Amino acid sequence: MKVSQKIVGALSRRLTVLIIPQTRMKPWRLQCSTAFFIFMLFLWSGVTVWSGIVVGRHTDYWITKADNQVMLAKMTRLAQEMEQARHTLDQATATDRQLRGLLTMARDRDPIDAATGVGGPSLSDRLSLNRMLSGRADSMRQADWHHEISRLRKDAERRLASFQEIAWYVGNQKSLRNATPSLWPTEGQITSLFGYRFSPMSREDAESGEFHPGLDIANSPDTLIYATADGTVRFSRWSQGYGNMIIIDHGYGLSTLYGHTSKAVVKTGDRVIKGQVIGYMGTTGRSTGAHLHYEVWRQGRAVNPMTFLKVRAAGELLGEAPRPPRAQS
Ligand SMILES: [Zn+2]
């Protein structure tokens, strides 16, 4: 007998499944061919595997969805914390401006204003944060998060720099005050002010006037001359026109010049303090009588010394002192 005939014979053999209930009910007798039984066995296995896959996929879907909900809640919480950080930064900005106002610091020195005009977050940043806070954090792109976090960090760094500048400003107030030439350089009468005037020395300038870059104060020879602010002597020797001249560097872009002295008692490199005697009044150089020619330089330009002096004693000297008899150089 061939093998195929044997297989066909085996498959066509009938099987009987007998189910006997525990009650008095009649037993169930199911009859089918071996081929049908094997077919049902495969069908049952297939359905079991397929349903297992479907259930597995659904489980993954629900777990992922639950994870997303948790993630969304975390992102919304993060957005709220960022909003709080932004609010704190806004308060720091307001305090910063208040401090600068109290310290009468120039507004244009505010690094925030200089960098961004108004400081704080832009409208688009606000909208971006609002989108996060309104529970749509999932619609935020990674770039938006990165942008928002980096803006917060940059704002915090700028604010820190601003407060450090304020700390530096407060710390340097004393040295700045001492470096400001607010002291009268000598005693006497003002014989020439800063600005254009008719020169007593050169008649050809009399028509057009000559610019006088300093202040002339006349008194008897050898009247004491004082350093008008703390600083370092940068020049103390003869100079054409100015005679014995002293220049003091006060830092902060400020320096002062003292001309026509009879004698200087400081030398180049000396450290001087405000009010220290640096020389004596004379008439050396291009001068018509004993007087001090005093100049103040700021950022490389001669400025009116009275702007530093009038705060304290301009009224005293200008109001009560007799008018200068004649201009002197
Ligand atoms: Zn002068």
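Which residue is the bridge partner of K263 in β13?

Mentor: The model is a predicted one. The bridge partner of K263 in β13 is Y280. This contact belongs to the pairing of β11 with β13, a strand of residues 277–280, and the two run antiparallel over two bridges. They are part of an open sheet of three strands, in the order β7-β13-β11, with antiparallel pairing. β7 (224–226) and β11 (263–264) are the edge strands, each pairing on one side only.

Another set of pairings involves β6, which spans residues 215–218. β6 is joined to β3 (residues 189–192) by three bridges, and these two strands run antiparallel.

The zinc ion has as protein donors H212 (NE2), D216 (OD), D216 (OD) and H293 (ND1), at 2.0 to 2.7 Å. Along the chain the donors have the spacing H-x3-D-x76-H. H212 sits in β5 (residues 210–212) and H293 in β14 (residues 291–298), so this pair, 81 residues apart, links distant parts of the chain. Both H212 and H293 are buried. The angles among the four donor atoms run from 53 to 150 degrees. Four donors count as tetrahedral only if all angles lie between 85 and 135 degrees, and the zinc site is classed as irregular. For comparison, the ideal angle for four tetrahedral donors is 109.5 degrees.

Elsewhere there is a nonpolar surface patch of about 720 Å², made by V3, I7, L11, L15, F37, I38, L41 and F42. Helices α1 (3–11) and α2 (34–102) are the elements that give two or more residues to this patch. The largest share, four residues, is from α2. L41 is located in α2. Its relative accessible area is 46%, and it is therefore partly exposed. A patch residue must have over 30% relative accessible area, and L41 has 46%.

Conventions:
Residues are numbered from 1 along each chain as its sequence is written. This is a predicted model: local features need pLDDT of at least 70, side-chain atom pairs count only at pLDDT 80 or more; totals for chains, interfaces and linings use all residues. Side-chain values use heavy atoms; hydrogens and water are left out. Two strands pair if DSSP finds at least two bridges between them. Patches are made of residues with over 30% relative accessible area and no salt bridge: like charges are joined within 9 Å, nonpolar side chains (Val, Leu, Ile, Met, Phe, Trp, Tyr) within 5 Å. Accessible areas come from the Shrake-Rupley method with a 1.4 Å probe; for residues, only the protein chains shown count as cover. A salt bridge is a side-chain nitrogen of Lys or Arg within 4 Å of a carboxyl oxygen of Asp or Glu. Buried means under 20% relative accessible area, exposed over 50%, partly exposed in between (1.4 Å probe, protein chains only). Donors are N, O and S atoms within 2.8 Å of the metal (3.2 Å for Na, K and Ca); water is not among the atoms, so sites may look incomplete. Four donors count as tetrahedral if all angles lie between 85 and 135 degrees; four count as square planar and six as octahedral if opposite donors are over 155 degrees apart and all others between 65 and 115; anything else is irregular.
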